[in-house]
Amino acid sequence: MSRVDIKTSQARKSVAVSAFKPITLILIALVGLISFSAFITLSGFEGEITERKSGRPHAGSKSPNGFAAIVHLLKSQDVEVALSRGEEAEWDQYDSLTVYTIARPATSEAIANVNTRGPTLFVMPKWRVYKSLEKPGRFVKTGLHNPERIGDNFKSLSDDIAVMRVSPPELKISNINEDEDTEIEAKSETDTAPDLTTTAPITVSSDAKKGNYPSRAPAALEPVTIDRLQSFSSPAFHAILTIDGKMVLGQLEDTQTYLLSEPDLLDNAGVKDYAIAANAMAMLDYLNPESDSVYFDLTLHGLGTGQNLIKVLLKPPFLAATLCLLATGLLLGWRAFTRFGAPHRDVRAYALGKQALANNSADLIRLAGRQPNMAKGYAALIKSLTARTVRAPKTLSDSELIATLDRMGRRSKTEYSLKDLTAQAEKVSDNEALMNLAQKLYKWRQEITHDTP
């Protein structure tokens, strides 16, 4: 074997040894523990963090019919926006506006089960959206939903909702004055748009008339251009917002339920236009006068998440208990890692058996101070055990047995003789002399029997 081969084999051995150093094993264990904990945690919240690109019109979608843009715009204006994924409403959701964006027709049963206790806005579907063949990962508008089937969705709100759709080149936005019930229309793009605080473009509340409308609302509603305007009519709804004389936003009588027939006033395709974005902010401000938060529902799009054990343990009020349990486990692990020696075995308060009898006898002898009197007995015990080990004849007398063992000791070159040690046992008077004698007898027995400690 050459020197190169020897060095190579030595290097391999050193690498193999270094790979199993304690610090390496500890790091591997920590990485595994952290990875496993992260996997368990993320699996519990998988439904809330998974991005599902399906082109559906929900608040997390970036497709043309999605509503991610208005969510981003509201957050940029310091509005608290929450994406509702739970089946049950949050504690403050009934005081805030909840927006339900409908994906497609034939969802009337899901709409009928919606809790409309607080301010609720339903947004009708309009566009059909599919994946783009030219730009992978993007979605494009490919058509329109049937307006008759869209109206059937909302039979639970009103039995006579009729959805209409027109397609003029440009439509100007108009509004209903709350006091005079007359329409004010912007005649052209050069005309001055109506003032939000004076003309009540979206049925302005009393606070708005006093000039206290939230600062994030635009000062005026501007003319907008809508592609194939979708409007509706129903005697159960009174109009809040009209475009070209057609109702696009209505309120169900004696309720806080609102219906928006034109999704382009809120969706990504529409909000990219400044005028529509300004109108969308004003509309949401009007529909949500008592709260600074807006909820966008995702359950109707199959993105709802129910409770599970992991979420319960990692959310208040159980989060504190979970952290305490985790800290306790870490402390127990550290205690086990740093402990030295075998753990002490639990013993009975009152021991039983031969061992207990021996311990009790020893305690009595110690309390009486009679330990030195045990010297002669201990010397006789060592003599008897040694004779049994070396198989000395049982017919020998005590003096003959001592002489025989001493002869064997001389052949084994023992340091002490049994005769001398027996004589010393007669003279032991204190515990120190007893311990010295016991050590000498133990050493003598090891030497004559060739026993190792």
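Modeller: Helices (DSSP H or I, at least four residues) and strands (DSSP E, at least two residues) are runs numbered from the N terminus. This is a predicted model, in which local features need pLDDT of at least 70 and side-chain atom pairs pLDDT 80 or more, while totals for chains, interfaces and linings use all residues. Residues are numbered from 1 along each chain as its sequence is written, and side-chain values use heavy atoms, leaving out hydrogens and water.

The part I would pick is Thr-101, which lies in strand β2, residues 97–101. Thr-101 is buried, with a relative accessible area of 4%; buried means under 20% (1.4 Å probe, protein chains only). What does Thr-101 touch, once its neighbours within four places in sequence are left aside? The residues in contact (heavy atoms within 4.5 Å) are Pro-57, His-58, Phe-67, Val-123 and His-301. Take Pro-57 from that list: 44 residues separate it from Thr-101 in sequence, yet the two C-alpha atoms are 6.5 Å apart. The side chain of Thr-101 also reaches the backbone oxygen of Pro-57, at 2.6 Å.

Now the wider setting. The protein has 16 helices and 13 strands, and 37% of its 453 residues are buried. Of the contacts with a separation of 6 or more, 64% join residues 24 or more positions apart.

Helix α14 covers residues 398–411. Its 14 residues should span 20 Å at 1.5 Å a residue, and its end C-alpha atoms are 20 Å apart, which agrees; the expected span is 1.5 Å times one less than the number of residues. Buried in α14 are Leu-401, Ile-402, Thr-404, Leu-405, Asp-406, Met-408 and Gly-409. Among the elements that cover these buried residues are α13 (375–390), α15 (418–425) and α16 (431–449). Lys-413 follows α14, and its phi is positive, near 55°.

Helix α12, residues 354–368, is built from 15 residues. From its first C-alpha to its last, α12 reaches 21 Å, close to the 21 Å expected. Just after α12 comes Gly-369, with a positive phi of about 70°.

Key: Buried < 20%, exposed > 50% of the residue type's maximum accessible area, 1.4 Å probe, protein only. Polar contact = N/O pair within 3.5 Å; in protein donor to acceptor, adjacent residues only side chain to side chain.
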